[in-house]
Amino acid sequence: MRPRRGLDPGSVWAQRLRQLEQQLRYQGLAGRSTNEVLQLYAARGGKQKLQRSFLVTQLHRAIKIKAFDLEQSLQEVTERYEKEKQKRKALHNSLVELRGNIRVHCRIRPLLPFDDAAGHSISQDRQRNFSEKVAYAADDETVLVKCSRPGHASINKTFQFERVYNDSESQDAVFADVAPLLTSLLDGYNVCIMAYGQTGSGKTYTMLGPQVEGNFAFAVEDESELGIIPRATQEVFRLISEKPPGTYWVEVSVVEVYNNEIFDLLAKDSYGKVFSIKRDVVTTREGKSDVPLLTHETVENASEFLHLVKKGIQLRVRHPTLVHAHSSRSHLVVTLTITTVVFGDNFVQFEATEKIKQVKTRLQLVDLAGSECVGMSGVTGAALRETSFINRSLSALADVLGAIAEQRSHVPYRNSKLTHLLQDSVGGDAKLLVMLCISPGQKYLTESMQSLGFGTRARQVQRGQVKKKNFPMPSKAK
């Protein structure tokens, strides 16, 4: 290719043509026709496309291999993390056992229809703020609370517990963490599980299950809704069924602490009808708490146990408030006592002279009445008096835990019938689990913070290692 005649050698077009000729010579295309040049360019372009496609395929394959390797590494790291987490939990639980610390779990209930500000004469803006969710489960051991005041920056506060349940976790998940404690009963330990929280925070639902028209249905079709008490009963009888027959028997008692008085909810009149009768709590010579004349009914299975518990609960005092339509006005204490029969020296011969020892262990299941803000609940008259007794007894419980934590010489158990009744369990004679129940809404922020503070202080209490009841070992036959 040569410049046309008449084309100025110094023009731009002439310069471009010279550059093109140089490129063609460099590529070995000088002197070829235009069609030949175009064909060669097309062939080279196809080859480059194939090369690019091959490179892209290879790169894509390398990326997939790398991604697979990263996924495998992530899975291995996650598995190692979970194993280490379980080891850490096991070590922590061992430390809790040695120190006699109180286990504290926290359950955050979902937002419910009654969480709006019904019954309060406030602005719509404030009502919207009331229904705002401020308490979350950051992970399975941390509660995150967003604290805010008008005109101030929001502050996040965190609280650590042995286990935290978010608002979507089921009754199954809650009981799965409670069940291991129940095996301790047959190993010779007392156990106490206590639900603590404000009115309407889900304590009774967690401990008993759903209410049907104000009554509890332990035989609900959906067993996944059952609370800790019916589940614990079934588990205990399952564990007993694995033992030799005739070596265990089970008794149940149901009491409520109402207005700082103890009432036996399984007492019967002369016609055999169950009715509530007042009892008293005393301290024995051994320093243990006891309720003289308290009714203890022997039961053979979980159904008999729950039938009696349901009868007792029907007598429990309840009163509607602005916060909760079926607010419990008393502390409920259900006690399951297991008596283990242990034979002495002549275990095999069963002679008349053989020594028989009875070892008793207790499972106390406590549904505490909810702490209340009078301005929020709107109670008056008799209900206001009930609230006063409830709050005072819960304050007495906090005082007892504080005295134990500070290792004071005197622990004020007798300041309240509730703490006197629970003296053995709280004082270190039982493995104690406190189930904190909190409401997630802004409306209940003050009460939720109070409950979380109580749980934090309870975790710090060191009561010393829980005592185990000794089972004498039978001697071998000669």
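The axes of helix 6 (residues 228-241) and helix 7 (residues 302-313) come within 9 Å and cross at roughly 150°. Helix 6 is therefore roughly antiparallel to helix 7. Angles over 145 degrees count as roughly antiparallel, under 35 as roughly parallel, 65 to 115 as roughly perpendicular, and the rest as oblique. Axes here are lines fitted to C-alpha atoms, for helices over the stretch in contact, and angles run from 0 to 180 degrees between N-to-C directions. The model is predicted: local features need pLDDT of at least 70, side-chain atom pairs count only at pLDDT 80 or more, and totals for chains, interfaces and linings use all residues. Residues are numbered from 1 along each chain as its sequence is written, and side-chain values use heavy atoms, with hydrogens and water left out. Helices (H or I, at least four residues) and strands (E, at least two) are DSSP runs, numbered from the N terminus.

The crossing of helix 6 past helix 7 is right-handed. A crossing has this hand if the near helix is turned clockwise from the far one by less than a right angle, and is left-handed if anticlockwise. On the helix 6 side, Ile229, Pro230, Thr233, Gln234 and Phe237 take part, and they meet Ala302, Phe305 and Leu306 of helix 7. Contact means heavy atoms within 4.5 Å. Six residues of this contact are nonpolar, two are polar and none is charged. Ala, Val, Leu, Ile, Met, Phe, Trp, Tyr, Cys and Pro count as nonpolar, Asp, Glu, Lys and Arg as charged, and the others, Gly among them, as polar.

Helix 6 also meets helix 4. Their axes come within 9 Å and cross at roughly 40°. Helix 4 is therefore oblique to helix 6. This crossing, too, is right-handed. Helix 4 contributes Gln171, Asp172, Val174, Phe175, Val178, Leu182, Thr183, Leu185 and Leu186, while helix 6 contributes Ile228, Arg231, Ala232, Glu235, Val236, Leu239 and Ile240. The contact of helix 4 with helix 6 holds eleven nonpolar, two polar and three charged residues.

Ser184 also lies in helix 4, which spans residues 171-186. Its relative accessibility is 6%, so Ser184 counts as buried. Buried means under 20% relative accessible area, exposed over 50%, and partly exposed in between (1.4 Å probe, protein chains only). Not counting residues up to four places away in sequence, Ser184 touches Tyr189, Val191 and Lys431.

Three strands form an open sheet in the order 2-3-4, with antiparallel pairing. Strand 2 and strand 4 stand at the edges, each with a single partner strand, so one side of each has no neighbour in the sheet. Neighbouring strands of this sheet are turned by 30° against each other on average, direction ignored. Strands pair if DSSP finds at least two bridges between them.

Strand 2 (residues 135-139) and strand 3 (residues 142-147) are joined in the antiparallel sense by four bridges. The two strands form a hairpin, with two residues between them. Ala135 stands opposite Val145, Tyr136 has Leu144 as its bridge partner, and Ala137 is partnered by Val143. Strand 3 runs antiparallel to strand 4 (residues 155-160), and six bridges join the two. Here Cys147 stands opposite Ile155.

Thr295 sits in the loop between strand 13 (289-290) and strand 14 (297-299). With a relative accessible area of 17%, Thr295 is buried. Leaving aside neighbours within four places in sequence, Thr295 is in contact with Val252, Ser253, Asp264, Leu266, Ala267 and Arg279. Its C-alpha atom is separated by 8.3 Å from that of Leu265, 30 residues apart along the chain.

Most residues other than glycine have a negative phi. Asn259 has a positive phi, near 50°. Asn259 is in the loop between strand 9 (248-258) and strand 10 (261-264), and is buried at a relative accessible area of 15%. Phi of Gln407 is also positive, near 55°. Gln407 lies in the loop between helix 9 (381-405) and helix 10 (417-421). Gln407 is exposed, with a relative accessible area of 67%.
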